[in-house]
Amino acid sequence: MAVGGWRLAALWLALNTAVLGQAGYYKIEYSGGTWRMQASGSPDIFSDSYNDQNPTGRYGAEPHLPFNPGWTDCTGTITATVTWMKSSPTDEPPPAIVIGEYCRAAYDHSGAANNGLGDPEVNKVSEGSRWSVKYKASSFTLTVSPSPNDVTANYPDFPFCEVWYKPYIYPIDIDFDGVQSGSGGNNDYCLVGQEVVATLTKGGLPDYPDDTYQWAISGGRLFAAYSAWPNSATITPYVPGIAKSTTCYFSKLREGDFTCQTFIGGPVQKSLTITRTVTLEKPTPSQVSVGIGTPQKNMVGGDLRFRLFGGLAPWGQTLLGPAGIIWAANPCTPAVYDGVGRWQFVQKLIPARHIVQGGVPKHLETNGIDGLDTSYPFSGPYYSSIDPVASFNWTGDSPWALLEPHWQPPITQSRIATESFKAYVMYKPPQHEGLYGVHWVALKEFTWYWGGSVSRSLPTDPWGPVENGAAQWSYTADFPVQPTWSFLHTTGATFVP
């Protein structure tokens, strides 16, 4: 007499560890089930519990009577107790698991087979799988009650039946590529501007033709791409992905929640919703310091100009050349990201200038157009190291209007300027092995304006004083919307009636 059985010990530890990237795993312990058998003409009925000695991972029994007719059966409920085993306090269960329970019940001669999962008997075998889903499962039990039996009447036919039972556990998770270890100490951190590739992982389940995916990402002001040139800058919005992987960038300091609603097809036919969070980090510090002057009349190279002048540097209040406004910043790439980023200044302009020449009012042909000021970038790019001093840089601006060019007779009677600006501190994180891509993102935005007017009764009269002169700046936003434009302001614009 021989009785065999199989047990699933530690449930494919290597599979779970490789898929999850964690040291934790699911341990499975079995109990329950009774087999019996009796030889023809014998008063003795032999019985015992199912055993778990076979290394193939199946649990069950194969009762049979060698060379003797009689009967045999398997009855009772099998219970599989599944427990998440931690190797450290941070080993958490996967967000979800798909459980496939395989059970086979069979006999050889004259009997019946029921695998307890509802699968019909075909050619003396009832076998199949049952699928279920659990979320954040720390421990749970699975039960099944298979019941095969067999009877023989003549030598050398002997009764034989069997039960095989084995659960398979597939962790379902979201895996991130292009994400680097941050100050949080795990791989779910990234800098603004870094590409994040999220992929739904199925723990060994194959991809089926009827699988579906629907991604939803919230937080962090995400986008798909950002392109900036002197003549134009555009943002490509993120379109929710419907493939197994999706890609995006973030431009705002906030947690990004990745949610994938998936339908796993094939034999599984289950819908799941998985969510993972990426914590966004910023370069630090990223404060902007600004000093601004006043509208004045000044002689420059023999020409009289109406301009913004006298901006004082915010570090020590030292006059730096002819700038009307001076600003400085020093965004630093966090040392934990092990790389040198870039940063730069970008400035946009909306002009509003008017003149009177020969008694005819005129306006600048580009008045009211929101466009890039002069060049891209306005200043930079600079290195963004881990050292605030090394990352420190400054720039300035001094908008002006020519009152009296020395090369032509006087014809202008008045000039009015009211111009507004938006200045940005832009940052691009380091790119190195492990990062798919990087984009420029806006860290800071501040606005400033200057304005006033000067006039005279006749073109030959001296210019009067600056009237209604004003200049002011203010912060508007941290992590603003990326600057976009479709026009480049240059010095070639002319005045038209």
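Strand E22 and strand E25 (residues 325–329) run antiparallel to each other, joined by 5 bridges. Strands here are DSSP runs of E of at least two residues, helices are runs of H or I of at least four, and both are numbered from the N terminus; two strands pair if DSSP finds at least two bridges between them. Keep in mind that this is a predicted model, where local features need pLDDT of at least 70, side-chain atom pairs count only at pLDDT 80 or more, and totals for chains, interfaces and linings use all residues. Residues are numbered from 1 along each chain as its sequence is written, and side-chain values use heavy atoms, with hydrogens and water left out.

- E22 and E25 belong to an open sheet of 3 strands, in the order E22-E25-E31, with antiparallel pairing.
- At the edges sit strand E22 (288–292) and strand E31 (393–397), each pairing on one side only.
- On average, neighbouring strands of this sheet are turned by 15 degrees against each other, direction ignored (axes are lines fitted to C-alpha atoms, and angles run from 0 to 180 degrees between N-to-C directions).

**The whole chain**

- The protein chain has 2 helices and 37 strands.
- Of its 497 residues, 48% are buried (under 20% relative accessible area, with a 1.4 Å probe and protein chains only).
- Take the contacts (heavy atoms within 4.5 Å) with a separation of 6 or more: 75% of them join residues 24 or more positions apart.

**The largest pocket**

- The largest pocket has a volume of about 840 Å³. A pocket is an open set of points on a 1 Å grid with protein on both sides within 12 Å along at least five of seven lines, and lining residues have an atom within 4 Å of a point.
- It is lined by 33 residues, and the closest to its centre are Arg 353, Trp 400, Ala 401, Thr 490 and Thr 491.
- E32 gives the largest share of that lining, with 5 residues.
- The pocket lining divides into 16 nonpolar, 11 polar and 6 charged residues (Asp, Glu, Lys and Arg count as charged; Ala, Val, Leu, Ile, Met, Phe, Trp, Tyr, Cys and Pro as nonpolar; the others, Gly among them, as polar).

**The cavity**

- A search of the whole structure turns up 1 cavity of 30 Å³ or more, a cavity being a set of points where a 1.4 Å probe fits but cannot get out.
- Its lining includes Phe 306, Arg 353 and Phe 495.
- E27 and E33 each supply at least two of the lining residues.

Notes. Points joined across faces, edges and corners; volume = space filled by probe spheres on them. Buried < 20%, exposed > 50% of the residue type's maximum accessible area, 1.4 Å probe, protein only.
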